[in-house]
Each structure stands twice: as C-alpha cells, then as structure tokens.
Amino acid sequence: MHLVTLVEDTKGRSDLRNRFGLSLYLQTGGKSLLFDTGQDDTFLANARALGVDISGVDLAMLSHGHYDHGGGLGAFFAVNRATPLFIGKGAGGPHYAKVLWMHKYIGLDRSVLERYGDRMKWVEKDTELAPGIDALTPVKRTMPIPRGNRRILLKAGDGYVPDPFTHELTFVVREGDGMVVLAGCGHSGIVNMVAAAKERFPGVPVKAAVGGFHLIDNPLLKTLGATPGEIRDMAQGLVHLGCQRVITGHCTGKKATGILKEELGDRLEVLHTGYITDI
Ligand SMILES: [Fe+2]
Ligand SMILES: [Fe+2]
C-alpha cells in the first residue's frame with residue numbers, strides 16, 4: 001500500500017498546509033482511496049501539491065463523525081462527482097466536546113450530508129466495501145478506551161450523554177502479505193480496533209496500525225489522556241497483536257508519542273502533512 005498524508009496537525013514541507021485533523025490518500029490493488037478529509041478543503045490544495053488526483057479517487061471512507069475528519073466532505077463531493085462515501089451510521093449525530101464549561105459542536109455539517117445523500121453508504125455492521133477493503137463496527141472493548149472520550153458527548157434533549165462511538169468505523173485493507181488497520185481518532189481504543197481486525201481475519205499479519213490514538217485529554221492544555229503505564233500497555237498490546245509498524249499522529253499528541261517511541265523504537269513512525277510511505 002502506498003500512503004500519502006494529505007492533512008495532519010503538523011507538516012514536513014513548507015509548500016503544504018497543516019491543520020488539526022487527518023486525511024490520508026491510499027493506493028492499493030490498483031484502487032485509490034481517500035480516508036477522511038480533515039476539517040476543510042486543505043486536503044485538496046495539499047493533494048495538488050503532492051501530485052494526488054482527488055477526482056480519480058475510487059472509494060472514500062470516513063472514520064467517524066467529527067469535523068476534524070469530515071469537515072472537507074463538501075469539498076470532496078464537489079471535486080469527485082461519483083465515488084461513494086462509506087460512513088458509520090450515526091456519524092451525522094449531534095457531537096459535542098466539553099471544553100472547560102462550554103459545549104462546542106464538533107460534528108459534521110449536516111447540510112452536506114443531506115445535499116449529497118445519494119453518495120452516502122451508511123455502514124452499521126462489518127461490511128466488505130470492495131475486495132480486500134472492509135469496515136468493522138462495532139468493536140469489542142476488551143482494553144480500556146481513551147480517557148479523553150469522556151469529554152466527547154452527544155446532545156440528547158436539553159442535556160448531553162456520553163458518545164458510545166458506534167459511528168466510528170475501523171477500516172482494514174488486506175493485501176497479499178498482510179493487512180493495514182486504519183483508525184481516525186481511535187476512540188474505540190487502537191488495541192481493540194487491531195484486535196477486531198485480527199478476529200475478523202485470523203492469521204493475516206498486521207503490517208501496520210495507522211491513525212490517531214486520541215491520547216490528548218484536554219486539547220487546550222495538551223494533557224495526557226492516559227497514564228504513562230497505560231500508554232506502555234497500549235504499545236505492548238499492539239506488539240502482542242503482531243503489529244509490524246505503528247504509524248501515528250494527530251490526536252495521539254507529542255507526549256504520548258514520546259512514550260510510544262520509548263516502547264516501540266523503530267517500529268513507531270510519526271505522521272505529518274506530506275508524510276509518504278509504502279506499507
Ligand atoms: Fe480527530
Ligand atoms: Fe474524533
């Protein structure tokens with residue numbers, strides 16, 4: 001698989017723009033895929049600079065219903081006129097984040113979902129999207145989910161309730177020599193997501209787990225959303241599942257990435273806008 005990072009919180013080239021969020025372009029088995037768009041149309045400008053043709057994308061996937069992953073959907077549909085978008089049921093829900101005493105809307109632009117309703121392929125159970133490309137949901141939670149999830153809520157009537165994250169999809173791309181597990185924010189817990197892929201496809205080696213692991217608790221203070229011990233356990237959990245490479249960024253945060261690096265060494269790679277690799 002060829003991976004091009006269209007948008008991430010940081011950047012590695014001066015001609016690209018970084019934004020809080022994630023968007024990846026993937027090529028596998030003769031198909032080109034878009035995994036998330038980031039929060040706006042930045043992914044389009046970066047794609048042009050990186051020589052990626054978004055109008056030719058064959059299949060689009062949304063990890064979950066947060067603006068930093070799906071805020072660019074309108075821009076995508078305007079440029080790519082035919083490709084379906086695989087999106088978890090409930091991704092268009094009223095998603096909020098609690099920041100200090102305020103509730104901030106962090107969901108998708110519902111007018112975009114309505115305007116392009118014919119492009120939506122709503123996913124509510126394990127589904128094969130194309131040969132070798134699957135979406136998994138729900139994911140069993142045998143390991144702890146990120147603590148930062150407690151700040152992420154669903155509006156219900158006049159109040160707010162915890163988000164069960166049933167709108168989050170785990171994407172699995174299988175190739176001849178193994179599979180790659182893609183997580184947007186990893187709200188279901190990256191170890192749980194990789195374990196779900198192993199359970200769905202027993203015996204298939206995990207070439208890489210890619211995405212954000214949501215280990216920032218308070219985004220303003222950039223506090224850790226897990227204890228260092230829990231982060232080390234997460235790293236060992238991924239090793240135990242046979243993850244050959246861990247490629248992370250976005251909401252994993254610098255502090256947690258440093259701890260993961262101590263545990264994983266060369267097995268860990270850090271995403272940035274413009275990061276390109278073959279898996
Ligand atoms: Fe995110
Ligand atoms: Fe998220």
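Mentor: Donors are N, O and S atoms within 2.8 Å of the metal (3.2 Å for Na, K and Ca), and sites may look incomplete because water is not among the atoms. This is a predicted model, in which local features need pLDDT of at least 70 and side-chain atom pairs count only at pLDDT 80 or more, while totals for chains, interfaces and linings use all residues. Residues are numbered from 1 along each chain as its sequence is written, ligands are numbered from 1 in the order in which they are written, and side-chain values use heavy atoms, without hydrogens and water.

Trainee: Which residues coordinate the iron ion (ligand 1)?

Mentor: The donor residues follow the spacing D-H-x115-C-x64-H in sequence. Their donor atoms lie at 2.1 to 2.2 Å from the iron ion (ligand 1). The residues are D68 (OD), H69 (NE2), C185 (SG) and H250 (NE2).

Trainee: Which term describes the arrangement of the four donor atoms around the iron ion (ligand 1)?

Mentor: Four donors count as tetrahedral if all angles lie between 85 and 135 degrees; four count as square planar and six as octahedral if opposite donors are over 155 degrees apart and all others between 65 and 115; anything else is irregular. Around the iron ion (ligand 1) the angles are 88 to 150°, so the arrangement is irregular.

Trainee: Are D68 and H69 buried or exposed?

Mentor: Buried means under 20% relative accessible area and exposed over 50%, with partly exposed in between (1.4 Å probe, protein chains only). D68 has a relative accessible area of 4%, and H69 has 0% relative accessibility. Therefore D68 is buried, and H69 also counts as buried.

Trainee: Which residue bridges the iron ion (ligand 2) and the iron ion (ligand 1)?

Mentor: The protein donors of the iron ion (ligand 2) are H64 (NE2), H66 (ND1), C185 (SG) and H187 (NE2), at 2.1 to 2.7 Å. The two iron ions lie 3.7 Å apart. The residue that coordinates both is C185.

Trainee: What is the bridge partner of I133 in strand 13?

Mentor: Strands (E, at least two residues) are DSSP runs, numbered from the N terminus, and two strands pair if DSSP finds at least two bridges between them. Strand 10 and strand 13 (residues 170–175) are antiparallel and share four bridges. I133 and A135 point one way from strand 10 (residues 133–136), D134 and L136 the other way, and all are buried. The partner of I133 in strand 13 is V173.
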